[in-house]
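Take a look at the chain shown here.

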Amino acid sequence: MLGFAAAGQWPEFIAETPFHSIMIGLIATIALALAWLGSKRSLFALLAAAAFLLMVAAVVVERVLVTDREQISETLDQLADAVRNNSSAELLVRISDRAPEIEQAARSQLNRFQIDYCSITWKETPAIDDNANPPEANVRFSAFIRARERNEGGLEGGDVIGIKLRLQKEADGEWRVVDYSLYNPRNGASLNY
């Protein structure tokens, strides 16, 4: 991460995606290059080169900066990987020490079910509250999960499950789960397993 600025100090259109920087940079570079070709004034050539270099710099900045939204998205992917791998150790690393009941529920579910497949099918943009202390985020996503109960004759099958998470940014800069709930993404009804 750049030492002179945090990701939150950059406009979202630069820090979240390179699309805007590339489009603005290409339009400016092409317009200035056409002006140079039409007038043969070296000032336009210098401005075209500067616009191109600024576009490249903006893309590099976007790649170097990791925003809170990007961190949360990565956390969701890591949670899905942990569930897919039936790894309680990987899963518990993403749960806050401040939420022992969530940790116990996660451990209980992984002990109860053998997960055969897990993949995130949809993620909403996290709602981040930077004014909370520590900063908090709420995010909903859905995942297709195929699982079977470990006890003989138990539940078995696959379905899309909606998950609501509340995360907090901890002192180490990582976003960790402090609360969750399950819902049916088709009708919004709460689920209990």
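Lys 123 is partly exposed, because its relative accessibility is 31%, between the 20% and 50% cut-offs. Keep in mind that the model is predicted.

Lys 123 has a charged partner. It forms a salt bridge with Asp 77, and the closest N and O atoms are 3.0 Å apart. Lys 123 sits in strand β1, while Asp 77 sits in helix α4. The two are 46 residues apart, so this pair links distant parts of the chain. Asp 77 is also partly exposed, at 29% relative accessibility.

Why can such side chains pair at all? Side chains of opposite charge can pair when their charged atoms come close.

A second bridge joins Arg 148 and Asp 116, with 3.2 Å from N to O. Arg 148 belongs to strand β3 and Asp 116 to strand β1, so the bridge ties together parts 32 residues apart in sequence. Arg 148 counts as partly exposed at 34% relative accessibility. Asp 116 counts as partly exposed too, at 34%.

Arg 166 lies in strand β4 and Glu 136 in strand β3, so parts 30 residues apart in sequence are tied together. Arg 166 is partly exposed, with 28% relative accessibility.

| Salt bridge | N to O distance |
|---|---|
| Lys 123 and Asp 77 | 3.0 Å |
| Arg 148 and Asp 116 | 3.2 Å |

How many salt bridges does the count come to? The count comes to 14 salt bridges. Some residues are joined in a network of salt bridges: Arg 98, Glu 170, Asp 172 and Arg 176.

## Rings and charges

Now turn to the aromatic side chains. The structure holds one aromatic pair. Its members are Tyr 117 and Phe 144. A pair of aromatic rings is described by the distance of the centres and the angle of the planes. Here the centres are 6.1 Å apart, and the planes make an angle of 55 degrees. The pair is therefore tilted, since planes count as stacked under 30 degrees and as edge-to-face over 60.

This pair also links distant parts of the chain. Tyr 117 is in strand β1 and Phe 144 is in strand β3, 27 residues apart. Are these residues buried or partly exposed? Tyr 117 is partly exposed, at 33% relative accessibility. Phe 144 is partly exposed as well, at 26%.

Charged side chains meet rings too. Lys 164 lies over the face of Tyr 183, at 5.3 Å from the ring centre. Lys 40 lies over the face of Trp 36, at 5.4 Å from the ring centre.

Lys 40 is in the loop between α2 (19-39) and α3 (42-64). It counts as exposed, because its relative accessibility is 59%, over the 50% cut-off.

Asn 86 has a positive phi as well, about 55 degrees, and it is not a glycine. This residue is in the loop between α4 (68-84) and α5 (88-93). Is Asn 86 exposed or partly exposed? It is partly exposed, with a relative accessible area of 22%.

Where is the cis peptide bond? It joins Asn 133 and Pro 134, and omega is about 0 degrees. Pro 134 is found in the loop between β2 (127-129) and β3 (136-149).

## The largest pocket

The largest pocket has a volume of about 780 Å³. Its lining is made of 32 residues. Nearest its centre lie Val 83, Ile 115, Ile 145, Ile 161 and Leu 182.

Which elements give two or more residues to the lining? They are α4, α6 (100-112), β1 (113-123), β3, β4 (156-169) and β5 (175-183). β4 gives the most, with seven residues.

What classes of residue make up the lining? There are 26 nonpolar, three polar and three charged residues.

Key. Residues numbered from 1 in each chain as written. Predicted model: local features only at pLDDT ≥ 70, side-chain atom pairs only at ≥ 80, totals over all residues. Heavy atoms only, no water. Helix = DSSP H or I, 4+ residues; strand = E, 2+ residues; numbered from the N terminus. Buried < 20%, exposed > 50% of the residue type's maximum accessible area, 1.4 Å probe, protein only. 1 Å grid on protein atoms, 1.4 Å probe; cavity = no way out; pocket = protein on both sides within 12 Å on 5 of 7 lines; lining within 4 Å. Points joined across faces, edges and corners; volume = space filled by probe spheres on them. Nonpolar A, V, L, I, M, F, W, Y, C, P; charged D, E, K, R; others polar. Phe/Tyr/Trp six-rings, centres within 6.5 Å; stacked < 30°, edge-to-face > 60°. Lys NZ or Arg CZ within 6 Å of the ring centre and 35° of its normal. Salt bridge = Lys/Arg side-chain N within 4 Å of Asp/Glu carboxyl O.
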